[in-house]
Amino acid sequence: MQKEGFKFHRQHCPLGIAYVRQLGKSGASVTASKAMHHCSQEVIMQSKKIIGLCILLSVLPGCYSSNAYGAAELKCGKIGKYVLEVPERLVISWHEEQDQIVSGASGLKKRTSCDAAISKFSLAMTWPERKLVDRMDYTINGKMFESVLFSLARLERVNVKAKREVKAFLGLVIKESDRPVQYSEKLDMFVVQLVERSDPDSARVYYWQERNGEIAALFECLWSIELKKFYLCRGNVAFAEEGLTVDMLFSDEKILEWQKVVSAIKEIVLSKVKS
């Protein structure tokens, strides 16, 4: 059972929180319908962005050249409390390189040490096999549709305001829903469903786990009422002991095994700690 506190900060807030914050700063009225509409659009846009960016990174020549890190076929760096080392063919995206590509840098910075800090990188694993997926298999051979994509980032210090914003966001979801909040003993999570006004066949289902009055995990899933099937789920948990926050994206019914998915991700992370 996942017991670590859910850590939120500006760079890794849950869906819609950034939008709520933006409206609040501008003095606009923050309505549930506006926030909910933005959440739905954000899920779709984020999934397209991740998939598109992965494909871009996989085909750019030299993007994952081993020469950039001085260690043949390996990528390494310090993130959270550990130095991690991963075969480059298994890395879906390495965010320092993304930033250089987007900024138009002429060449990738060379790392002389694995102790240098990195901000974020993404891997994917098959389910239920729990095996890391080769980047080419993920982006070109269709493995993305049966895998769990997860991004590891440094866990920042969380302030009280951010925690309040998360609870306020869930309050908007509950208020907008025409159904009561339920508790699933099987998932050990609270659940609320929000039907799309523009598309009665579509709904967003929010799952969250509370520990000692804090949100320990939060997921948003797109659900087809007619087909009774999930299209896509996005979630976030924190690995406090490892100093990491983990975003994940997956499809189908993997939400029903979310605790096993989280445990598998942690096992993979610890297995990649550089000795």
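## A pair to start with

Ala124 stands opposite Leu149 in β5. Their strands, β4 and β5, run antiparallel and are joined by seven bridges. Strands here are DSSP runs of E of at least two residues, helices are runs of H or I of at least four, and both are numbered from the N terminus. Two strands pair if DSSP finds at least two bridges between them.

Welcome to a predicted model, in which local features need pLDDT of at least 70 and side-chain atom pairs count only at pLDDT 80 or more, while totals for chains, interfaces and linings use all residues. Residues are numbered from 1 along each chain as its sequence is written, and side-chain values use heavy atoms, with hydrogens and water left out.

## The sheet

Nine strands make up an open sheet with antiparallel pairing, in the order β3-β4-β5-β11-β10-β9-β8-β7-β6. At its edges are β3 (93–94) and β6 (182–184), each of which pairs on one side only.

## Covered places

How many of the eight residues of β5 are buried? Seven are, so the strand is mostly covered; buried means under 20% relative accessible area, exposed over 50%, and partly exposed in between (1.4 Å probe, protein chains only).

Ser93, in strand β3, counts as buried because its relative accessibility is 6%. Between Ser93 and Ser151 there are 58 residues in sequence, yet 8.8 Å in space, C-alpha to C-alpha.

## Helix and cores

Helix α6 (residues 258–271) lies across β4, β5, β7, β8, β9, β10 and β11, running at about 125 degrees to β11. Such angles run from 0 to 180 degrees between N-to-C directions of axes fitted to C-alpha atoms, for helices over the stretch in contact; contact means heavy atoms within 4.5 Å.

The largest nonpolar core has 41 residues, and Met125, Phe150, Tyr207 and Met248 have the most contacts inside it. With seven residues, α6 gives the most to this core. A nonpolar core is a set of buried Ala, Val, Leu, Ile, Met, Phe, Trp, Tyr and Cys residues joined through side-chain atoms within 4.5 Å. Leaving aside neighbours within four places in sequence, Phe150 touches residues including Met125, Met248, Ile265 and Ile268.
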